[in-house]
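Please read this briefing with the structure open beside you, and follow each group of points in turn.

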Amino acid sequence: MLDDVEEMTLLELTDRLLHRGVVLTGEATISVAGVDLIYLGLNVVLSAVETMNAHKRKAL
Amino acid sequence: MTYLLHAITRAGPADTPPGVRGAPLEFIAAGPLGAWATRDPVEGGTREDAFEHHRVVEDICAAQPCLPVRLGTRLVDADAVRALIAARVEELLLTLERVGGRRELAVTLLWPESGVEPGRRHTPVEARTPGRAFLERKQSDQAADDARLATAERLARALETGLATEQSDVRHAMCPSSKVALSTAVLARAGEADALKERAVEIVSGLDGVRGVVSGPWPPYTFAGTP
């Protein structure tokens, strides 16, 4: 069971991992023969979930 | 083949730490810079994978100045990595120069726990029309939001004054959630991070009306990205 301090530390660290740091890919896409070479991967999925949850909270 | 990126540095260190879940870590040179990446990482997406990325970034940053790359940046080959770095090499070099060898602290100020958010009051259900009750509630909430924001700004100024750091080394997020009054990232020189953390703990313990948590030091995640 995490106490408040540990929980807040984990949340702050997770926020940094997901939403900060150098964004190399941005909105650019490099393609060769029509195949996209860039995969945004996990951060896009998690960011999308976060955005979806934020919209859900606003709607309630 | 895919690469999961972790950090950008000028050169590879003498010792190569392991990548995520034991997969090989590679340094992909790109002109004056290079990217550290786990080659063919196991498909993940769990919280443990996120912390594995953090562990790899910590290992790299412990050896030399580095810029952490946002979690989940995957590229299919080394040429794609080189192309993206080449497109922004001047900007990355400048950022690396400014924040590369430094550490980041997180200062979080929480509103006191209670059933109702601070500054907010429930509009009593009385013999009012639903429309009027709704508008009164909206007005009350707006006033509470304004008051909370003003408090957060005051706390941010108090924190900056107490830490005595340069303006460019502090970034605030005011009222980022209902429980948090202020989330602040502070950039510190590597050798001064622990002392600055102690000072931050002392400052937040003296602030009225909030509970403070000071975390880190970590690699400079917040300051590596665009403000």
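In this predicted model, B:Leu105 stands opposite B:Val186, a residue of strand β8 of chain B.

**Strand β8 and its partners**

- Strand β8 of chain B covers residues 180-189 and is mostly covered, since 9 of its 10 residues are buried.
- Strand β7 of chain B, residues 170-174, also pairs with β8(B) in the antiparallel sense, and 5 bridges link the two.
- Within this second pairing, B:Met174 stands opposite B:Leu182 of β8(B).
- The hairpin formed by β7(B) and β8(B) has 5 residues between the strands, and there B:Cys175 takes a positive phi near 45 degrees.

**The nonpolar core**

- The largest nonpolar core holds 54 residues, and those that touch the most other members are B:Leu5, B:Ala7, B:Ile8, B:Val81 and B:Val107.
- Strand β8(B) provides the largest share of this core, with 7 residues.
- Because domain 1 (3-99) and domain 2 (102-224) of chain B both give residues to this core, the core lies between them.
- Nonpolar side chains tend to be buried together in soluble globular proteins.
- Setting aside neighbours within four places in sequence, B:Val81 is in contact with several residues, among them B:Leu5, B:Ile28, B:Ala30 and B:Ala35.

**A closer look at B:Tyr3**

- B:Tyr3 has its place in strand β1 of chain B.
- Is B:Tyr3 buried or exposed? B:Tyr3 counts as buried because it has 24 C-beta neighbours inside 10 Å, and the cut-off for a buried residue is 20 or more.
- When residues up to four places away in sequence are not counted, B:Tyr3 touches B:Ala37, B:Arg39, B:Arg74, B:Leu75 and B:Val81.
- From C-alpha to C-alpha, B:Tyr3 and B:Ala150 are 45 Å apart in space, while 147 residues separate them in sequence.

**Chain B as a whole**

- Chain B has 6 helices and 9 strands in its secondary structure.
- Its radius of gyration is 22 Å, whereas a compact globule of 227 residues would have a value near 17 Å.
- Taken along the principal axes, the C-alpha atoms of chain B fill a box of roughly 70 × 40 × 30 Å.
- Of the 227 residues in chain B, 38% count as buried.

- The contact between them takes 8 residues from domain 1 and 7 residues from domain 2.
- On the side of domain 1 that touches domain 2, α1, β4 and α3 (89-99) of chain B each supply at least two residues, and α1(B) gives the most, with 3 residues.
- By class, that side of domain 1 has 6 nonpolar, 1 polar and 1 charged residues.

**Contact with chain A**

- How many residues of chain B are in contact with chain A? There are 30 of them, and they meet 24 residues of chain A.
- Elements of chain B that each supply at least two residues to this side include β1 (3-9), α1 (47-63), α2 (78-87) and β9 (211-218).
- By class, the side of chain B that touches chain A has 17 nonpolar, 10 polar and 3 charged residues.

Terms used:
Residues numbered from 1 in each chain as written. Chains lettered and ligands numbered in written order. Predicted model: local features only at pLDDT ≥ 70, side-chain atom pairs only at ≥ 80, totals over all residues. Contact = placed C-beta atoms within 7 Å. Helix = DSSP H or I, 4+ residues; strand = E, 2+ residues; numbered from the N terminus. Nonpolar A, V, L, I, M, F, W, Y, C, P; charged D, E, K, R; others polar. Buried ≥ 20, exposed ≤ 12 C-beta atoms within 10 Å, placed from the backbone. Pairing = 2+ DSSP bridges. Rg over C-alpha atoms; globule rule 2.2 N^0.38 Å. Core = buried A, V, L, I, M, F, W, Y, C linked by C-beta atoms within 7 Å. Domains from an automatic or database assignment.
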